[in-house]
Amino acid sequence: MTADTVSPGNYGRTGIDLAELDPAIRPQDDLFRHVNGRWIARTEIPADKARYGSFAVLAENAEAAVRDIITGTSAPAPGAPAETEAEKIAALYASFMDVDRADALGASPIAAAIARALAVTSIDELVTLVAEFERQGGAGFYGLYIDNDPGDPSRYIVFVMQGGLGLPDESYYREEQFASIREQYRAHIARMLGLAGVAEADRLAELSYELERRIAAAHWDRVASRDIQKLYNLRTFAELQALTPALDWRAYLATAGAPESAFTEVVVGQPDAIEGLAALLIESELEAWKAWLVWQLVRGSAALLSQEISRANFDFYGTALTGATEQRDRWRRGVSFVEGAMGEAVGKLYVERHFDEASKAEMDVLVGYLIEAYRESIHALDWMGEETKQRALEKLDKFTPKIGYPVKWRDYAKLAVDAGDLLGNSRRVAAFEFDREIGKVGKPIDRDEWFMTPQTVNAYYNPGFNEIVFPAAILQPPFFDAAWDDAANYGAIGAVIGHEIGHGFDDQGSRYDGDGKLTDWWTADDRAAFEERTSALIAQYNALSPE
């Protein structure tokens, strides 16, 4: 039984809906279809989704529950201050749901920013304008984020990662299988610029696309970009500046509102990709960069503009890239907007209404038993030596489970929200989060922080914290019920728990020790034995194809 394909049903105390089992398929022949076949046969993937299963079903239910929470408070009138968290939540939602206002405004909310981008006269001016827009949630040259340092997990550090692209990764710009996507993308940029009222849309679209193609030429591929050992490149501020001489980092940070002290040391994820983009910051490329910046403004704001612009953006990023043929209902997108802005404030209310504390206690027991099962499994490994086993057991002992919701909630007191200003809300939220994130550097690690909201139907393992996290929303059927027989819970949420623990020992998680430090705690022989077995699993998976 796999957690992401079982539909909610009539489980009873056993936790298993016997009416769903398909007697026409013997479990010893195909257990997956014996359990899930009837649901698969009668269920179509909804037009607004590219995939569907119990995660999606529960996520839809959580969205509906959150909508009820949001709409339970009246939003202040446009222009009036939202004081309480509930009023801010309601105001954010109201600003997104005001379709008439969005349609009347069209692309005018970004017109001034576009004009400023087109008026840029130098690379230095471009750099500071990109910094200004990045603070407001726009795309920067690179991906910047804060996390604890893999080499010293007791401190926060800035990560500088490759960026600048509008397609999912560098392969889309070069592989033959994506030739059609590339042509659709070029046409999409031109269409969107035209809808935004940008003159010479076709010319600017071509300039922007070709610049992205040159940026992509230096990007690392997906495989290299998930190898933490390759990504961990500690650099001083001076070394970062030397790697990107055309980008004045002092000016960039000053405009973005980030203290230079936060960049005393940084992790440069893909040094040659970082260097490759900066090498294009030359005067002969200025027109292309202006076109690129205009496209980033339009692309990044499209979902917050008129229905026509939002739908056109979905036609490419939804239909062309994922196969979904319909946009999600606007209220669902509104819920996502609110959760992206004030997710923990919503989560606090969600937990009050929808989470049973008995579930937390039962999950503590389940997690404890799963960790013990891993302990027995590690002891029983015949290919792993005693030295590595001991280090693995030490890591397992240091796992930190988090269940349901944070022990302390995020404070949104300084976030200003206006029910009549959708794009302004988005920009203020981005600046609020920018300051919160950059403000972590130099402070003690907050090990109580969550990186998912309680209303998220998912779970995660965080290697830097060596923690496994199970939000409240996943702790319901078909994954979990405190009233079920133990066997059902172990078969459902137990699989999720085991999956997350397993990330601590997979090809990347196994590079971190129990304190979250990136270090090689394996003997060479044990690592070779591990990779031999994972290679066999990869080969087996590559030989499979769906019916």
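Helices α16 and α17 are roughly antiparallel to each other, a label given to angles over 145 degrees, while under 35 is roughly parallel, 65 to 115 roughly perpendicular and the rest oblique. Their axes cross at roughly 175 degrees and come within 10 Å. This is a predicted model, where local features need pLDDT of at least 70 and side-chain atom pairs count only at pLDDT 80 or more, though totals for chains, interfaces and linings use all residues. Residues are numbered from 1 along each chain as its sequence is written, and side-chain values use heavy atoms, with hydrogens and water left out.

**Helix pairs**

- On the α16 side, I371, Y374, R375, I378, H379 and A380 touch K389, A392, L393, L396 and D397 of α17; contact here means heavy atoms within 4.5 Å.
- Sorted by class, the α16 contact with α17 has seven nonpolar, one polar and three charged residues (Ala, Val, Leu, Ile, Met, Phe, Trp, Tyr, Cys and Pro are nonpolar, Asp, Glu, Lys and Arg charged, and the others, Gly among them, polar).
- Helices and strands are DSSP runs numbered from the N terminus, with helices being H or I of at least four residues and strands E of at least two.
- Helix α5 (residues 111-118) and helix α13 (residues 286-301) have axes that come within 9 Å and cross at roughly 165 degrees, and they are therefore roughly antiparallel as well.
- For both pairs, axes are lines fitted to C-alpha atoms, for helices over the stretch in contact, and angles run from 0 to 180 degrees between N-to-C directions.
- From α5, A113, I114, A117 and L118 meet K290, L293, V294, L297 and V298 of α13; by class that's eight nonpolar, no polar and one charged residues.

**The β5-β7-β6 sheet**

- Three strands make an open sheet in the order β5-β7-β6, with mixed pairing; two strands pair if DSSP finds at least two bridges between them.
- β5 (400-404) and β6 (460-462) are the edge strands with a single partner each, so one side of each has no neighbour in the sheet.
- From one strand to the next, the twist averages 20 degrees.
- β6 runs antiparallel to β7 (residues 467-471), joined by three bridges, and Y460 sits opposite V469 in β7.
- Helix α16 (residues 357-380) turns up again here: it lies across β5 and β7, at about 150 degrees to β5.

**The β1-β2-β4-β3 sheet**

- This open sheet has four strands in the order β1-β2-β4-β3, and the pairing is mixed.
- β1 and β3 (234-236) stand at the edges with a single partner strand each, so one side of each is left without a neighbour in the sheet.
- The twist averages 40 degrees from one strand to the next.
- β1 (residues 143-149) and β2 (residues 152-161) run antiparallel with seven bridges, and they form a hairpin with two residues between them.
- L144 stands opposite V160 in β2.
- β3 and β4 (residues 265-268) pair antiparallel over three bridges, with V267 of β4 as the bridge partner of L234.

**Aromatic pairs**

- The structure holds 29 aromatic pairs, meaning Phe, Tyr and Trp rings (the six-membered one for Trp) with centres within 6.5 Å; planes under 30 degrees apart count as stacked, over 60 as edge-to-face and the rest as tilted.
- Y145 and F159 have ring centres 4.8 Å apart and planes at 5 degrees, so the pair is stacked.
- Y145 is in β1 and F159 in β2, so this pair ties together parts 14 residues apart in sequence.
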